[in-house]
Number of protein chains: 2
Amino acid sequence: MTSSFFPPQRTLMGPGPSDVSPRVLGALARPTIGHLDPLFVQLMDEIKGLLQFAFQTTNELTLPISAPGSAGMEACFVNLVSPGDTVIVCQNGVFGGRMKENVERSGATAILVEDAWGEPVDLEKVRQAFKSHPEASILAFVHAETSTGVRSDAEALCALAAENGALSIVDTVTSLGGIELNVDGWGADAVYSGTQKCLSCVPGISPVTFSPRAVERINQRERPVQSWFLDMQLVMGYWGANAKRAYHHTAPVNDLYALHESLVMLEEEGLEAAWARHAKNHRALVAGLEAMGLTMAVAAEHRLPQLNSVKLPEGVDDAAVRSALLNEFDLEIGAGLGALAGKTWRIGLMGYASNERNVIRCLSALEAVLARQGAAINTGAALSAAEAAFS
Amino acid sequence: MTSSFFPPQRTLMGPGPSDVSPRVLGALARPTIGHLDPLFVQLMDEIKGLLQFAFQTTNELTLPISAPGSAGMEACFVNLVSPGDTVIVCQNGVFGGRMKENVERSGATAILVEDAWGEPVDLEKVRQAFKSHPEASILAFVHAETSTGVRSDAEALCALAAENGALSIVDTVTSLGGIELNVDGWGADAVYSGTQKCLSCVPGISPVTFSPRAVERINQRERPVQSWFLDMQLVMGYWGANAKRAYHHTAPVNDLYALHESLVMLEEEGLEAAWARHAKNHRALVAGLEAMGLTMAVAAEHRLPQLNSVKLPEGVDDAAVRSALLNEFDLEIGAGLGALAGKTWRIGLMGYASNERNVIRCLSALEAVLARQGAAINTGAALSAAEAAFS
């Protein structure tokens, strides 16, 4: 016989999932109601309004996809890309590579604009790509690269797409709720995110929003979207304005309770206040890490406050440090990915987990574990440096 | 400002979601841990073992897809179907039509075997379809049609597929945990289900299992699966035996706590006992409905115990009855779908919701509402008929 599972209370400071607020967990566990219940339909309307607020958009087609961020990504590509299209894909980390896969599996050609892992997307290279490929109908890029902790200039990239008559597909999985994101102000066309980063909700849902231009392209498609589950024309029948709430699939009712509560919390705090909180805790963490003698992996002007890439000090055993943090301190930080595996750690300060207590706990635990491993760090200086940055 | 959402405590006796056990809701709300946490990886192994138990299979490739049943359906089709293939699709309700969509969006040809809504799949028609289309490489059908409440002979249909050298794709969304399902014994090749029916878990996850023959077909594919999110070769890198737990997407951690708990409960009860419980409560409900003078919509030998289609009595306002049940009794029953809209109700007795109390409550509430509407029913006889059937 299998026993029930009782997880420990971790502090999640990796690349996501991040710590979920007790308010959100409480909402998650409320009694399930039917997905066509009139009260649930009201909840859907509220979630749509709250997502429009979080994305800063009036886009009618704004809703949570009933699957993780990778499915939100796929929803954007399979609805907007048709076989034979050319799509410019910016790759400066893991997720650009995944976008390329999505383009190719949609029967289109991906033109890669590559930048080093740890660098933002180079606008000049994108300009050149549009010059070489004037037929490109979409520009796809990642706003906040979770694999490296780098922010790219989404506003400028969306403008470049528009200047070249292309739509923009923007990955905001890690940016939504953590740094400025202005879908309408920037003219982004298809934007997907995740619930498990700066919204501090449980993983499994992907908020998306499509501009009227994107919806027009979807409506003009000549061939059906290759995915039935992610076909926005069908999904709109359930989620759209004046929709008949036609049954498409059974909505993940309890996950949507949780998403609703996390968005209510964001509304209560305010977007600007949430961004400022992420920025403040980031500055304190960096001050502490640098006081310890560690080096950040990303140049200051491109850093994401919610995901801090820091270089491993010399001679340190990556896995042993992360295991000690997890097993002795119940503290999860992230390993480096891909080109940065074994070279960096990724320390998340996302959403609910972005608070002073976590900054202090992480610095003290990391210092203790590194000191025990004999790493060449400065001890005893991190907490006061962080505290100075808070005040 | 938006307020927090507090749903009422409904009794869910529609076509799903069904009532979720407090044990499962309790598991759902436990603290989130990372999707690569060693403890979570242990949980994944347990879930896999429990799903193998529930499906009665030793299939190595058995796992929960991180999205609802429709995505589980799509996972089966996009991984097994290639452009140019011929797939025989049995249609006797809503979900056969959805299978056809999946076949066509995979670039293949669907040969429809049609039966009336409310009837099971006719084996003879399937035999004829294989004779006319010896090139067919897959037979797809629905074991338990949620839109009509009909059970088809999955064992015989899987055998027909095998005799004709085809793989079988079987929709068990509503059957898993409610009626006999023997994946290995019947030789089913690709089987998908849902969490929100007889497992009484929250909606949003789709358990799937693939036979070694199906895995071989996946491994021999010449072109990549059109869906990146649902590509089983990639998913296997995270879920497979000896897998490196390679990051594919962020698992819906809390939903999987809930699925685990619901499967632990099924294991504690035992498969045969769960099926017997569904059968017993079904007999009592039918006895009560018939004592009231109502007529079941499906012939006795094809009825699903977990989903009871009953005809509306003459002159009754469908929507008004369901609204009264919902608003005055907090009781949800399902409307008819498609060809049966306005003609039947669908009364679910699924999983945790399949119990004596719900049978009694549903009969008494329905009788009260119908009597108030002046429907031509027998009053005062339903409860004793149900109680006699229980004993």
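The model described here is predicted.

**Chain A as a whole**

The secondary structure of chain A comprises 14 helices and 13 strands. Along the principal axes, its C-alpha atoms fill a box of roughly 65 × 55 × 45 Å. A compact globule of 391 residues would have a radius of gyration near 21 Å, and the 21 Å of chain A agrees with this. Of the 391 residues of chain A, 59% count as buried. Among contacts in chain A between residues at least 6 apart in sequence, 72% join residues at least 24 apart.

**Domains**

The domain assignment divides chain A into domain 1 (21-268) and domain 2 (271-390). Taken over C-alpha atoms, the centres of domain 1 and domain 2 of chain A are separated by 29 Å. The contact between them involves 22 residues of domain 1 of chain A and 22 residues of domain 2 of chain A. On the side of domain 1 of chain A that touches domain 2 of chain A, 9 residues are nonpolar, 10 polar and 3 charged.

**Helix α10 of chain A**

Helix α10 of chain A covers residues 253-269. At 1.5 Å a residue, its 17 residues should span 24 Å, and the 25 Å between its end C-alpha atoms agrees with that. Because 14 of the 17 residues of α10(A) are buried, this helix is largely enclosed by the rest of the structure. After α10(A) comes A:G270, which has a positive phi near 95 degrees.

**The two chains together**

Chain B is superposed on chain A by a rotation of 180 degrees with 0.0 Å of shift along the axis, at an RMSD of 0.0 Å. The two copies are therefore related as by a two-fold rotation axis. The same surface serves both copies, since 100% of the contact residues of chain B recur in chain A.

Chain B and chain A each bring 64 residues to the contact. On the side of chain B that touches chain A, the elements giving two or more residues are α1 (22-28), α2 (38-55), α3 (69-80), α4 (94-105) and α10 (253-269) of chain B. Of these, α10(B) gives the most, with 9 residues. By class, that side of chain B has 30 nonpolar, 21 polar and 13 charged residues.

**Backbone details**

Most residues other than glycine have a negative phi, and most peptide bonds are trans. The table lists some exceptions.

| Item | Backbone value |
|---|---|
| Peptide bond from A:G16 to A:P17 | cis, omega near 5 degrees |
| Peptide bond from B:G16 to B:P17 | cis, omega near 5 degrees |
| A:S200 | positive phi, near 55 degrees |
| B:Q56 | positive phi, about 55 degrees |

A:P17 is in the loop between β1 (11-13) and α1 (22-28) of chain A. B:P17 lies in the loop between β1 (11-13) and α1 of chain B.

B:Q56, in the loop between α2 and β2 (61-65) of chain B, has 17 other C-beta atoms within 10 Å and so is partly exposed.

Technical notes
Residues numbered from 1 in each chain as written. Chains lettered and ligands numbered in written order. Predicted model: local features only at pLDDT ≥ 70, side-chain atom pairs only at ≥ 80, totals over all residues. Helix = DSSP H or I, 4+ residues; strand = E, 2+ residues; numbered from the N terminus. Expected span 1.5 Å × (residues − 1). Buried ≥ 20, exposed ≤ 12 C-beta atoms within 10 Å, placed from the backbone. Least-squares fit on C-alpha atoms with pLDDT ≥ 70 in both. Contact = placed C-beta atoms within 7 Å. Nonpolar A, V, L, I, M, F, W, Y, C, P; charged D, E, K, R; others polar. Domains from an automatic or database assignment. Rg over C-alpha atoms; globule rule 2.2 N^0.38 Å.
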